[in-house]
Amino acid sequence: MIRTVQLGSYELRRFGSAMQRVAILFPVGIPLLYGALYLWSNWDRYGRLDQVPVAVVNLDQPVTVQGKTVDAGAQFVDQLRDERLFDWQFTDADDARSGLAEGRYYLTITVPKDFSPTWTPSVTA
């Protein structure tokens, strides 16, 4: 290890001026800086997802199947409320549209009107 350091210092002494010594650090420093920034930016990509505002709009219309009311949209929204993966904002379509355009929401999830009939196998639309 000592021999390696001595060889490195001999090589640096070959460069006479201070500017030449600084110039030799750039080919080493730039990749090191790039690698450090890359690792820092990707270290914990999912750690703050609960701070990402996402608008959720439920337009689903419940249906009645064999005397039972099926409201798949409400069930889906309830599951989102229980799972705090994102910062869910439950709102209407107009607010979601304007909030997405203004940057208040990063994403909009819209449950369509025919969600319950689609997920109920015995309902024919």
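Residues are numbered from 1 along each chain as its sequence is written, and side-chain values use heavy atoms, without hydrogens and water. In this predicted model, local features need pLDDT of at least 70 and side-chain atom pairs count only at pLDDT 80 or more, whereas totals for chains, interfaces and linings use all residues.

**Exercise 1.** State how many helices and strands the protein has, and in which pattern they follow.

*Solution.* Step 1: helices are DSSP runs of H or I with at least four residues, and strands are runs of E with at least two, numbered from the N terminus. Step 2: the count comes to 5 helices and 5 strands. Step 3: along the sequence, the pattern reads α-α-β-β-β-α-β-α-β-α.

**Exercise 2.** Determine which residues of helix H3 are buried and which are exposed on the other side.

*Solution.* Step 1: buried means under 20% relative accessible area, exposed over 50%, and partly exposed in between (1.4 Å probe, protein chains only). Step 2: in H3 (residues 72–82), Ala72, Gly73, Val77 and Leu80 are buried. Step 3: viewed down the axis of H3, these residues fall within an arc of 135°, so they line one face of the helix; the arc is that of the directions from the helix axis to the C-beta atoms. Step 4: Gln75, Gln79 and Asp82 are exposed on the other side of H3.

**Exercise 3.** Describe the salt bridge between Asp94 and Arg97, and name the residues of the salt-bridge network that includes Asp95.

*Solution.* Step 1: side chains of opposite charge can pair when their charged atoms come close. Step 2: a salt bridge requires a side-chain nitrogen of Lys or Arg within 4 Å of a carboxyl oxygen of Asp or Glu. Step 3: the closest N and O atoms of Asp94 and Arg97 are 3.1 Å apart. Step 4: these two residues stand 3 residues apart in helix H4 (residues 93–102), and therefore about one helical turn separates them. Step 5: Asp95, Glu102 and Arg104 are linked in a network of salt bridges, in which Asp95 and Arg104 meet at 3.2 Å, N to O.
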